[in-house]
Amino acid sequence: MNRKEPLIDLLIHDLTGPISIVLTSVRNLLDKEDKYKDSTRRREVLERILRNSSKAKTLLQELVEVYRSEEGRFCVESVPVRDLMREAFLDAFEITNSAETEKLLCCATNNDFFNTLRANDIMVEVSGKYGDAPFSHDYRKVRQIVRNLISNALKHRKKQVIVSISGETDLVVSVQDDGCGISGKEQEEVFNRFANLTDKTNIDVQGLGFGLSCVKTLIDAIGGEIMVKSGEGAGTCFTVRIPPLSEPKL
């Protein structure tokens, strides 16, 4: 397989969400003019279009960063983990539940933000060094990894999602849902491109997409590790281990 193919897949996968939201929003404005005569509602839709157009542009820029990672080149930043998680959740909700995104955007502080998540049966637990200390790494790549894991958990949960952050040197992020789980045979295929693992309890959710293949590509590029623990009817937990970067590799 050409080494660029997974990166093209990454671009296609991550662009699909924001472009779909933009198209749906524009179509609603054109086809349901009466519904959007109110200026406030119309402005909300236009703001959603703007956010997702900006996101599509950012994803194109991120593709360049993925190519750079294959060459061992990273842009290192020190970022508070709670801020990183907040942005990853906003990205994931924008794709899976745009209505909930509006509530989260109104949260003035991280405490308000994570309390709102808890009210929606999404628990975020932070322990270890990175509860207070920032994590040094390529922010865009780590955010992209975490966003994909969260969006998968949101799609497949029955009710609850638990995100655990820990680690004293490496950053360890576990994302667990209480969905139908993945059989042993399917676990062997879950990181393959175009894996089609259908959620048997929700016919509207077609598999895990190939977002997990994209996550694996990024994890390999940054020298990390990804593990899955699951079973039919037992939910699924993905855990990533990401070693920090102390200085840029040029």
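I took buried as under 20% relative accessible area, exposed as over 50% and partly exposed as in between, with a 1.4 Å probe and protein chains only. On that scale I find E225 partly exposed, because its relative accessible area is 35%.

**Ground rules.** I am working on a predicted model, where local features need pLDDT of at least 70, side-chain atom pairs count only at pLDDT 80 or more, and totals for chains, interfaces and linings use all residues. Residues are numbered from 1 along each chain as its sequence is written, and side-chain values use heavy atoms, with hydrogens and water left out.

**Whole chain.** I looked up the secondary structure of the protein chain and got eight helices and seven strands. Helices (H or I, at least four residues) and strands (E, at least two) are DSSP runs, numbered from the N terminus. Of the 250 residues, 46% count as buried. I then took contacts (heavy atoms within 4.5 Å) between residues at least 6 apart in sequence; 70% of these join residues at least 24 apart.

**Sheet.** I traced an open sheet of five strands in the order β2-β4-β5-β7-β6, with mixed pairing. Two strands pair if DSSP finds at least two bridges between them. Which strands stand at the edges? They are β2 and β6; each has a single partner strand, so one side of each lacks a neighbour in the sheet. Neighbouring strands are turned by 10° against each other on average, direction ignored. For the angles, axes are lines fitted to C-alpha atoms, for helices over the stretch in contact, and values run from 0 to 180 degrees between N-to-C directions. I checked β4 and β5: they run antiparallel, joined by six bridges. S164 has its bridge partner in β5, namely S174. Helix α6 packs on the sheet and touches β2, β4, β5, β6 and β7; its direction makes about 15° with that of β5. Helix α8 also packs there, touching β6 and β7, at about 145° to the direction of β6.

Why is α8 (residues 211–221) largely enclosed by the rest of the structure? Eight of its 11 residues are buried, so the rest of the structure largely encloses it. Among them I noted L212, V215, L218 and I219. Just after α8, G223 takes a positive phi of about 75°. E225 lies in β6 (residues 225–230). Leaving aside neighbours within four places in sequence, E225 contacts I219, T239, V240 and R241. From E225 to R241 I read 16 residues in sequence and 5.1 Å in space, C-alpha to C-alpha.

**Cores.** I defined a nonpolar core as buried Ala, Val, Leu, Ile, Met, Phe, Trp, Tyr and Cys residues joined through side-chain atoms within 4.5 Å. The largest has 46 residues, of which M85, F89, L117, I145, I150 and V163 touch the most other members. Elements giving it two or more residues include α3 (81–96), α5 (110–119) and α8. Not counting residues up to four places away in sequence, F89 touches F113, L117, I122, V124, I150 and V163. A second, separate core of five residues includes V22, Y36, V45 and I49.

**Aromatic pairs.** I found two. Rings of Phe, Tyr and Trp (its six-membered ring) pair if their centres lie within 6.5 Å; planes under 30 degrees apart count as stacked, over 60 as edge-to-face and the rest as tilted. F113 and F114 are edge-to-face, at 5.4 Å centre to centre and 85° between the planes. Both are buried. Y130 and F135 are edge-to-face, at 5.2 Å and 85°. Y130 and F135 are buried.
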